[in-house]
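Let's take a friendly walk through this model, starting with its charged pairs. Have the sequence and the 3D view open as you read.

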Amino acid sequence: MKAFCKKGIFVLFFLNVFCLHAQTNFNKLDEKGKKHGLWKGFYEESKRPKYEGTFVHGKEFGVFNFYDDTKAKSIIATREFNAKDNSAYTIFYDQNKNKVSEGKVVNKLFEGTWKYYHLASKNIMATENYKLGKLEGLRSVYYVNGKVAEQINYKNNLKEGVYKKYTENGIVLEESIFKKNDYNGLAIFKDTDGNVVSKGQFVNGKKSGVWQFFEKGKPVKTVNMSNPENATKSKNN
């Protein structure tokens, strides 16, 4: 019995030493108290791995892997850090290892061109441009076949300029103008055959002045938006 107890104590001692040794292989601090070497993070409740990567005196270095909170430990994101400009090229994945989006982050803010992918596909769904974390420049949306679905420019995170929406075979469904994220100016809406359905002016996001409405490309009525109940039917009807 005594021999068994001594053996048990030895095993526990060995396990404690092993655990202490394992802990010293990561999550260390340098002499200034900054993260240094391999670092691992864990989900608070499940204690499963959340991320791991390398720090060099407090700064991320190289590739960091981020995991989902499951036993599978699937990689849901990677970030490759560049010490020269504080950027990190980031790729997000679904749990089947398909790319969801990718682009550069600088000081934790989106920067430059970001790509977004169709579900479980290598085909690009959208491209966006960022400056200091805000949309700036052209944003394009694509059909699975690569044809353009929508295009609009952004300025300081707000829609600004001409907006176009297309069918999959290239017919323009909508051509309008935005100013500070609101419709502002002439807007033309068409059906899938390319026939005009309606057209008129927007002012600060609201229809203004006289609007014309069509059926199969032929005018059917005009409406003064200052008094929309008093519509005028076209003489052709």
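## Salt bridges

The structure holds four salt bridges, each being a side-chain nitrogen of Lys or Arg within 4 Å of a carboxyl oxygen of Asp or Glu. One of them pairs Glu52 with Lys73, with 3.9 Å between the closest N and O atoms. Glu52 sits in strand 3 (residues 49-56) and Lys73 in the loop between strand 4 (59-67) and strand 5 (75-82), so this pair ties together parts that are 21 residues apart in sequence. Strands here are DSSP runs of E with at least two residues, and helices are runs of H or I with at least four, both numbered from the N terminus.

Another bridge joins Arg139 and Glu128, whose closest N and O atoms are 2.7 Å apart. Because Arg139 belongs to strand 11 (residues 137-142) and Glu128 to strand 9 (residues 124-131), the pair links parts that are 11 residues apart in sequence.

## How covered are the partners?

A residue is called buried under 20% relative accessible area, exposed over 50%, and partly exposed in between (1.4 Å probe, protein chains only). Glu52 is partly exposed at 22%, and Lys73 is also partly exposed, at 36%. In the other pair, Arg139 is partly exposed at 24%, while Glu128 is buried at 9%.

## A look around Lys99

Where does Lys99 lie? You will find Lys99 in strand 7 (residues 99-106). The side chains of Lys99 and Glu102 form a salt bridge, at 3.2 Å from N to O. Lys99 is partly exposed, with 33% relative accessibility, whereas Glu102 is buried, at 6%.

Leaving aside residues up to four places away in sequence, Lys99 touches Ile91, Phe92, Tyr93, Tyr117 and Ser121; a contact means heavy atoms within 4.5 Å. Ile76 is 23 residues from Lys99 in sequence, and their C-alpha atoms are 9.0 Å apart.

## The whole chain

Of its 237 residues, 25% are buried. Among contacts between residues at least 6 apart in sequence, 5% join residues at least 24 apart. The protein exposes about 16,400 Å², with carbon and sulfur atoms supplying 55% of that area; accessible areas come from the Shrake-Rupley method with a 1.4 Å probe, and for residues only the protein chains shown count as cover.

## About the model

This is a predicted model, in which local features need pLDDT of at least 70 and side-chain atom pairs count only at pLDDT 80 or more, while totals for chains, interfaces and linings use all residues. Residues are numbered from 1 along each chain as its sequence is written, and side-chain values use heavy atoms, with hydrogens and water left out.
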